[in-house]
Amino acid sequence: MISDGATRRAENLESEDFKLQSVMTAEDAADFWITTDEPASSWRRFLSEAFAGSGPFEWVTYAYLAWVEAIVLLFCRNVVHAPRYVLVHFAIGVGIALLARRAMASRNFAVQFARHWYPLPLYIFFFEELQGLVHAIFPGWFDRWLIQFDFNLAQVHPSVWLTQFASPTLNDAMQFAYLTYFLYLVLLPGILYFEKQFVAFWTATIELVEHFGRVHGAAFPSAHVAGSMVALLAARRYKPWLFWICLPFFAAMCVATVYGRYHYVADVIAGIAMGAIGWTAGQRLMEKREQTED
């Protein structure tokens, strides 16, 4: 009977065709919106491919966006332009999914570069937008508790005590130490990226929360210290020679954050701890991803 054999061959061909369709990629972004007879099926396929292309960093960012959205929705009365935050965050999530989906199948250098480096400008934006969200839950500041912690720790007010050493030369040196953060924070990821050590690159980047520009009110913990701690620990593992170069700058930067009155000592200590936790979490996420892929 030829019907059984023909049916099996037809089913095999359809199966192979489905497998090919699952890895075929559009040549341009417009093809993302090509629909089938079932729009719901098309969306399911899109989401499946977008999630398949998402790595640990994307999932961390999705979780962050969901967390911030929940805060904005729950405390919308305390947030000016709350609907705008919801729409912007939703658009960012969709944009990340589109980029992850596109980069999964495209070998285009520009697409791959954007896929790997978008976290840095994205987290600059996230940090800057905290100006409008900082009082979403609590309307006041916590400075008096942080100041008291510093005093109990050192029996002096550290930023005031350091003024006895102030001089134009030391001021410039402290500012230089503070600004080195922006250099070596991207130096290690850059080296790893152009050496095509992509697993190490993402491990060094995954819990990196970029801190840039001025924000009304300091951060607890210090994002400068937390981000630098991640970079320092990553350098220690992947480029020990770079670790020893960065270590004195990191120590000087920690002092400079207090000397320049950008942060309290409590912020620095919490930043070191948060950076270490972030590094550990990033390591475990990447190891889990590698085991899943294997």
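Contact here means heavy atoms within 4.5 Å.

1. Basis of the note. The model is predicted: local features need pLDDT of at least 70, side-chain atom pairs count only at pLDDT 80 or more, and totals for chains, interfaces and linings use all residues. Residues are numbered from 1 along each chain as its sequence is written, and side-chain values use heavy atoms, with hydrogens and water left out.

2. Glutamine 112. This residue belongs to helix α5; helices (H or I, at least four residues) are DSSP runs, numbered from the N terminus. Glutamine 112 has a relative accessibility of 14% and counts as buried, where buried means under 20% relative accessible area, exposed over 50%, and partly exposed in between (1.4 Å probe, protein chains only). Leaving aside residues up to four places away in sequence, glutamine 112 touches Ala103, Ser106, Arg107 and Tyr193. Its side chain also reaches the backbone oxygen of alanine 103 at 2.8 Å. That pair is a polar contact (N or O atoms within 3.5 Å; within protein, one must be able to donate a hydrogen and the other to accept it, and residues adjacent in sequence count only if both atoms are side-chain atoms).

3. Salt bridge. With a salt bridge taken as a side-chain nitrogen of Lys or Arg within 4 Å of a carboxyl oxygen of Asp or Glu, the count comes to one. The partners are arginine 115 and glutamate 58, at 3.0 Å from N to O. Arginine 115 lies in helix α5 (residues 109-117) and glutamate 58 in helix α3 (residues 56-74), so the pair ties together parts that are 57 residues apart in sequence. Both ends are buried: arginine 115 has 10% relative accessibility, and glutamate 58 has a relative accessible area of 1%.

4. Helix α11. The 16 residues of α11 (residues 223-238) should span 22 Å, and the end C-alpha atoms are 22 Å apart, which agrees; the expected span is 1.5 Å times one less than the number of residues. Of the 16 residues, 14 are buried. At the start of α11, a side-chain oxygen of serine 222 comes within 3.4 Å of the backbone nitrogen of histidine 224.

5. Nonpolar cores. A nonpolar core is a set of buried Ala, Val, Leu, Ile, Met, Phe, Trp, Tyr and Cys residues joined through side-chain atoms within 4.5 Å. The largest has 26 residues, and Leu188, Val225, Phe250 and Met253 have the most contacts inside it. Two or more residues come from each of α9 (168-194), α11, α12 (240-259) and α13 (265-293), with α12 giving the most, nine residues. Another core, of 20 residues, lies apart from it and includes Ala50, Phe57, Leu133 and Ala136.
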